[in-house]
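The sequence and structure come first.

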Amino acid sequence: MTEVRVEEAIAATERLNPTLNAYLHVDFERARAEAAEVDAIEAAGGAPGPLAGMPVCVKDIVDVGGMPTTAGGADWVRHPDEDATVVARLRAAGAVVVGKGNTNEFACGIDGRNPHKGDCRNPWDPARLSGGSSSGPAVAVATGMAAGAVGSDTSGSIRVPAALCGVVGIRPTRGLVPADGVVPLAWSLDSVGPLAPDVASAALLLDVLAGRPPAPAARPEVAGLRLGVATALMDLADERVADALGAATDGLHDAGAEIVDHDIPDLERATAIHRIVQACEVAAVHAPWFERQRGRYAPGVRARIEAGYGLSAEAYLRAQRHRRLFTRAFAAAMDGLDAVLAPASPVLAPPLDAEEVTVRGERRPVRAALLSCVSPLSQLDCPMAVVPVGVRDGLPVGLQLIGRPGSEALLLRVAAAVESNVGPIRPPAL
Amino acid sequence: MVASLAPMVDDPDASVAAELAELRALADALPEDEVDGVPPVAGPQEWE
C-alpha cells in the first residue's frame, strides 16, 4: 500500500514538476526502497507508525541525510549525513521523503520566486505566484506530488503559500517543533511546521513534528466559541478575498460560534518591529558566509541581509522590547476570545511577473501586500493556521486563524469546521 | 530549469542603502521611553 502511495506521488512529480518546479531535488530510488521497507513491516504484522506510507516533501532549508541542502541559494550547499530532528521524526513515523522542496533564496522572500533555482509556479494557474518561501512544499501537497510537507514560517512563509495554493498550513507555537538541522532565517521568529491537503493530515503531521503521540482527529465543533474578526486586516483584503472569508465566517456563525470584531493594536508599529528584528537576525545568521556569498545573492535578498549590518544592537534590543509590549497588547485584546480570524493573503495569487497589485483601488508592491496580513503577527510566538475557504476567479482563498500559545488543538477544531463546510479544494488538472 | 520572473534590480548597492535608511527610520520611530524597564524578548513568549 505504501509503495502505491509513493508511486502515485512519484508519477505526479514526473508529470508536473517540470512545469511547477516544486522539487529542487528528488530521490525516487530511495523513496521506493523506503516504501518497500514500510510495507514489509506492515506485512510482518508490525506497526510502521502513524504516517505509514505518507510521501512527504521537505523544504530545502531542512536537512535530510544523504540529500543536498541548498536553501535555494546560488552555489551554496551542504551535504548532511544526519536528518534534522523533524525529518528523523517523520521517518520514524513511517513517512517517506520524496525530495527537497523549492524555497525563496534562504527562505528570504514571500512570493516563491527564485532566480537561482527557478520560480515555483502556482498549480491553479502556472502563470501566477505560488507564494513562499515554503513554495515547493505547498505546491507539492496541492498537486499530489506529496501527501504532506515540512515548511518554515518566519514572516508568513507557511501561511501565504498555503493560502495561494489552497492547502492547510500550520505555523506552530514557537518552540513546539525543533529547528535544529534547519538553516535559520531569523531565530527568534522562525517556526517549523506542516503543510497538507486537509486538516486531519496537517494535524497528524504536527503531532509527529512535535514529537508527541497523535491526538484524536479534531472534531469540527465550534458551538460556544467566541471568535474575533481582525477588522484592520480584513479591511486590507480585496473584494473577492473578503467575500470568501465572509462566507466562511458566516458558516462558523451558523455552526454556533459567536463572531465579534477584534482590534489589532498598532499594525504599523508591529510591522516595523518585525522588520528590524528580522534584519538584525538574518544578518547575524549569514555573517559566516556573507562576504563569500555577497555577489551571488539576488539583489533584493542581499539588500535585506546586508542592511542588518548597519543597524545597532540598541535598535535590535529596543525592537525586541517593543515586541514584548505588542504581544502584551495583543494578548489583552484577545481577552474573552478563543481565536482570531484574518486573511492570510489580502489578494488572490498575483501574476508571476507582477511587481505591484491593486487592492481596493490602491497600488501596492507585491511583497508588501503578501506580507501585510501575516508578518505583523509573526512576532507573537503563538500558533497560526491557514485553511482554504473556497475559490474565487479560479484561485483559492485561505483563512488565517490565530490562537494563544499552545492552542493548536482549538485552531484545528475551527479549521475542521471550516473544512466541513467547504471541503478540501483541488487545483484543476494540468 | 524553470525560468524566473523575479524583478531585476539595476543598482544593488542603492537597494542596500535604501533598505538600511528605511530600517533606521523605523527604528528611530520606536519610542525609547515606552520600553523603559521592559525586557527584550529572548525566547518563546508565554503571553503574560
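**Model and confidence**

The model is predicted. Its scores are ipTM 0.92 and pTM 0.97. For chain B the mean pLDDT is 90, with 98% of its residues at 70 or more.

**The open sheet of chain A**

Chain A holds an open sheet of 11 strands with mixed pairing, in the order S1-S3-S2-S6-S8-S7-S14-S15-S11-S9-S10. Strand S1 (23-26) and strand S10 (258-262) of chain A are the edge strands; each has a single partner strand, so one side of each has no neighbour in the sheet. On average, neighbouring strands of this sheet are turned by 30° against each other, direction ignored.

| Strand pair | Sense | Bridges | A bridge pair |
|---|---|---|---|
| S9(A) and S10(A) | parallel | 5 bridges | Leu227(A) and Ile259(A) |
| S11(A) and S15(A) | antiparallel | 4 bridges | Val340(A) and Ile402(A) |
| S14(A) and S15(A) | antiparallel | 8 bridges | Val386(A) and Gln400(A) |
| S12(A) and S13(A) | antiparallel | 4 bridges | Thr358(A) and Arg363(A) |

Strand S15 (residues 395-402) of chain A is mostly covered, with 8 of its 8 residues buried. Leu395(A), Val397(A), Leu399(A) and Leu401(A) point one way from this strand. Pro396(A), Gly398(A), Gln400(A) and Ile402(A) point the other way, and they are buried as well.

**Helix H6 of chain A**

Which strands does helix H6 (residues 199-210) of chain A lie across? They are strand S6 (148-153), strand S7 (168-171), strand S8 (191-196) and strand S14 (384-392) of chain A. The helix runs at about 150° to S8(A).

H6(A) has 12 residues, which at 1.5 Å a residue should span 16 Å; the end C-alpha atoms are 16 Å apart, so the two values agree. Because 11 of the 12 residues of H6(A) are buried, the helix is largely enclosed by the rest of the structure. Among the buried residues are Val199(A), Leu204(A), Leu205(A), Leu206(A), Val208(A) and Leu209(A), and also Ser201(A) and Asp207(A). Their cover includes helix H3 (85-92), S6, S7, S8, S14 and helix H14 (408-422) of chain A. Gly211(A) follows H6(A) and has a positive phi, near 75°.

Chain B has 1 helix and 0 strands. Its C-alpha trace spans about 50 × 25 × 10 Å along the principal axes. Of the 48 residues of chain B, 15% count as buried.

The contact takes 43 residues from chain A and 31 residues from chain B. On the chain A side, helix H9 (267-286), helix H11 (299-306) and helix H12 (313-333) each supply at least two residues. H12(A) gives the largest share of that side, 13 residues. By type, the residues of the chain A side that touches chain B are 16 nonpolar, 10 polar and 17 charged.

**Helix H12 of chain A**

The 21 residues of H12(A) should span 30 Å at 1.5 Å a residue, and the end C-alpha atoms are 30 Å apart, which agrees. What covers the buried residues of this helix? The cover includes H9 of chain A together with helix H1 (12-28) of chain B. The buried residues of H12(A) include Arg318(A), Arg321(A) and Arg323(A), along with Gln320(A), His322(A) and Thr327(A). Ala315(A), Tyr316(A), Ala319(A), Phe326(A) and Phe330(A) are also buried.

Conventions: Residues are numbered from 1 along each chain as its sequence is written. Chains are lettered from A and ligands numbered from 1 in the order in which they are written. This is a predicted model: local features need pLDDT of at least 70, side-chain atom pairs count only at pLDDT 80 or more; totals for chains, interfaces and linings use all residues. Two strands pair if DSSP finds at least two bridges between them. Axes are lines fitted to C-alpha atoms, for helices over the stretch in contact, and angles run from 0 to 180 degrees between N-to-C directions. Two residues are in contact if their C-beta atoms, placed from the backbone, lie within 7 Å. Ala, Val, Leu, Ile, Met, Phe, Trp, Tyr, Cys and Pro count as nonpolar, Asp, Glu, Lys and Arg as charged, and the others, Gly among them, as polar. A residue is buried if 20 or more other C-beta atoms lie within 10 Å of its own, exposed if 12 or fewer, and partly exposed in between; C-beta atoms are placed from the backbone. The expected span of a helix is 1.5 Å times one less than its number of residues. pLDDT is the predictor's confidence in each residue, from 0 to 100.
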